[in-house]
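I opened my notebook and looked up a few things, starting with the whole chain and ending with one residue. Come along and check each entry as you read.

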Amino acid sequence: MNIKEHVSLREYNTFGIDVIARYLVSVHTVSELKKVLGHKEYKNPFIISGGSNMLLTKDIDRLVIHLDFKGMEIVDDSFSEDEVLLRVAGGENWHEFVLYCVSNNLGGVENLSLIPGNVGTSPIQNIGAYGVELKDVFHSCTAIHRESFEEATFYLEDCAFGYRDSVFKNTLKDKYIITSVTFRLTKKNHILHTEYGAIYDTLVDRGIDVPTIKDVSDAVITIRKSKLPDPRKIGNSGSFFKNPIISQKVFTRLRKKFPTVPFYPVAQDTVKVPAGWLIEQAGFKGKRFGDAGVHDKQALVLVNHGNATGEEIWNLAIHIQKTVEDKFGLHIEPEVNVI
């Protein structure tokens, strides 16, 4: 292991924010992680993996541990007649993992194609897209306690998954480091979700009546590329805000004032309103404030046009929040971690 000093984290976060880590080390195994955590001189280390769900607003004056675990293996091919358990190291790129599943005819994650970030952070956020969430394919995850270094396994019922939420964002926040995730995937009789968003229309346009998981993945990739910026070309963290979930009573009031507001029923008395629509209607889509801006094809995405600081992007986010709340009476919460 090579602990470096005064290292830029620009290449370690998808926003491309140029902040400095006092120390930086990459770990490739669980034993290396435990060894680094055991260094008493490096207190309260900062953990970074894919760097896709964070906005860095200041230098990190402590040790930054970059998780670079790799590996995928089937751990149970007889989990059920139709399913298989696949364990994936936390440092694997999420989209590359999805492509591996698709190429090996393992179904369940095809709707989650092209989501930025690494596998290890996916349970924290309960990532989701196009009608599928991580919890739908989650079996368990292994994690290291940050202080005792003990390994623990968390199963589906332990994780308290919610909309972009989990136990790891609440009672267990900053207590564990996820090292691997085990997924429950289908090996035959795949259940496809094509009804959400533009997937169905894309398949129809391509003349596909009986889609495969690859067809669904390809459709999702096409849709996402058409409206979401590539972090390698323009800094961003995907969706910056959560879609607000409101009561039916509040929605009825909102719809009277804004009849064209789109919505998705969540439960009998709650409705989800697209934050992107709210931000666009508030006049921010495609707007630029120096190098901080809002994407011109998807208002839910804040972008770094080159040399924006994390503070500038966060100030823009606060401005958007206030404007949306003044106009619609709704508060939109950040989906990314602001540090």
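**Entry 1, burial.** I looked up how much of the chain is hidden, and buried residues make up 49% of its 339 residues. I noted beside this that the model is a predicted one.

I compared the chain with a simple rule: for 339 residues, a compact globule would have a radius of gyration near 20 Å. The chain has 20 Å, so it agrees with the rule. I also looked up the span of the C-alpha trace along its principal axes, which is about 60 × 55 × 35 Å.

I found eight helices and 20 strands in the chain. Next I took the contacts with a separation of 6 or more, and 61% of them join residues 24 or more positions apart.

The accessible surface of the chain is about 16400 Å², and carbon and sulfur atoms hold 47% of it. I then looked up the 40 positive and 43 negative charges, whose mean positions lie 6 Å apart.

I picked Ser49, which sits in the loop between β3 (46-48) and β4 (54-55). Is Ser49 buried or exposed? Its relative accessible area is 10%, and the cut-off for buried is under 20%, so Ser49 counts as buried.

Leaving out residues up to four places away in sequence, I listed what Ser49 touches: His66, Leu67, Gly90, Gly91, Asn118 and Thr121.

Technical notes:
Residues numbered from 1 in each chain as written. Predicted model: local features only at pLDDT ≥ 70, side-chain atom pairs only at ≥ 80, totals over all residues. Heavy atoms only, no water. Helix = DSSP H or I, 4+ residues; strand = E, 2+ residues; numbered from the N terminus. Buried < 20%, exposed > 50% of the residue type's maximum accessible area, 1.4 Å probe, protein only. Contact = heavy atoms within 4.5 Å. Rg over C-alpha atoms; globule rule 2.2 N^0.38 Å. Areas by Shrake-Rupley, 256 points an atom, 1.4 Å probe, with all protein chains shown as cover. Lys, Arg positive; Asp, Glu negative; His and termini not counted. Charge placed at Lys NZ, Arg CZ, Asp CG, Glu CD.
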